[in-house]
Amino acid sequence: MKLRWDEITHVTKADPAKDLPPDLGVLDRTDAVMVGGSDGVTAENTLDTIRAIKRRFPEKPVLQEPYSSSHVSTDTMEAADHLAVPAVYNGDREHFVGKHVDLFTEVGSKPEEVLGTGLPVLGDLIASKGLDAVSRMTNEIVGEGYVVQNPASTAADVTGADEPYTGEEVAGAALATEAFYGFPVFYLEYSGTYGGPDDVEAAATHLDDTVLLYGGGIDGERRTREILDAGADAVVVGDCFHDDPARFLETIPS
Ligand code: 1GP
């Protein structure tokens with residue numbers, strides 16, 4: 001499934017470690033779902049979440065967003081449409097380079113080199129499906145240039161993002177995403193708190209082809225509108241989806 005970012009203004013972030021709302025019908029008008037969290041995530045609970053969403057909405061794009069390759073299994077790869085992989089600019093080295101090289105070391109290894117090495121999960125995929133699996137994996141990966149702007153969040157804790165970027169640095173990270181790293185997505189992550197439009201405006205100045213996602217504290221139409229008007233392509237809504245489904249519906253642009 002090819003992602004049509006030009007048709008996506010609202011993304012729901014479903015945390016596999018949390019309960020889903022009793023009625024998944026609230027997802028009807030969201031444009032895509034990301035499945036991932038920062039605490040208590042496993043390949044098993046990720047798979048359950050992806051499958052529950054796909055059962056109800058087979059045509060809705062679902063991206064798995066892991067923070068460790070241990071969350072990715074042959075089954076999650078089969079169930080999700082894409083693998084969104086964050087590269088955190090203001091985090092520690094593991095979350096910009098280390099984990100990604102580990103991931104692609106697995107993806108790029110020949111089956112006979114992977115078998116029996118104890119490398120988890122992805123080796124099995126390649127061993128069972130051959131080198132087609134490598135090209136499939138690489139086609140389905142969506143790299144995300146990430147800035148974590150709420151140092152009190154679990155996301156910041158996990159990724160070592162202790163220092164939020166200044167507006168100038170946010171603009172620089174956006175420019176680097178588009179002009180240097182070439183990730184298709186730049187993600188401003190305020191997880192759990194509302195960051196307002198300033199960083200969005202700073203980032204949007206430098207982005208033509210790169211999709212600008214904003215997540216954090218979106219709890220109604222006013223904030224969705226403010227962030228989209230500031231230049232984001234889409235808002236990402238997490239907490240509200242799990243905590244207050246009625247309010248969540250109000251975050252979806254009409
Ligand atoms: C978290 O960006 C998302 O990864 C959404 O943030 O949970 O604050 O909505 P909230």
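A polar contact here is a pair of N or O atoms within 3.5 Å; within protein, one must be able to donate a hydrogen and the other to accept it, and residues adjacent in sequence count only if both atoms are side-chain atoms. The model is predicted, with local features needing pLDDT of at least 70 and side-chain atom pairs pLDDT 80 or more, while totals for chains, interfaces and linings use all residues. Residues are numbered from 1 along each chain as its sequence is written, and side-chain values use heavy atoms, without hydrogens and water.

Start with the ligand. Select glycine 217: one of its backbone N or O atoms is 2.9 Å from a ligand oxygen. Next, select aspartate 239, where a polar backbone atom lies 2.9 Å from an oxygen atom of the ligand. At glycine 216, the corresponding distance from a polar backbone atom to a ligand oxygen is 3.4 Å. Of the 310 Å² of accessible area that the ligand has on its own, the protein covers 92% (Shrake-Rupley method, 1.4 Å probe).

Then display the largest pocket, whose space the ligand takes. A pocket is an open set of points on a 1 Å grid over the protein atoms alone, where a 1.4 Å probe fits, with protein on both sides within 12 Å along at least five of seven lines; lining residues have an atom within 4 Å of a point. The lining has 44 residues, and Lys13, Gly37, Ser38, Glu65 and Glu189 lie nearest the centre of the pocket.

Definitions and conventions
A molecule sits in a cavity or pocket if more than half of its atoms lie within 2 Å of its grid points.
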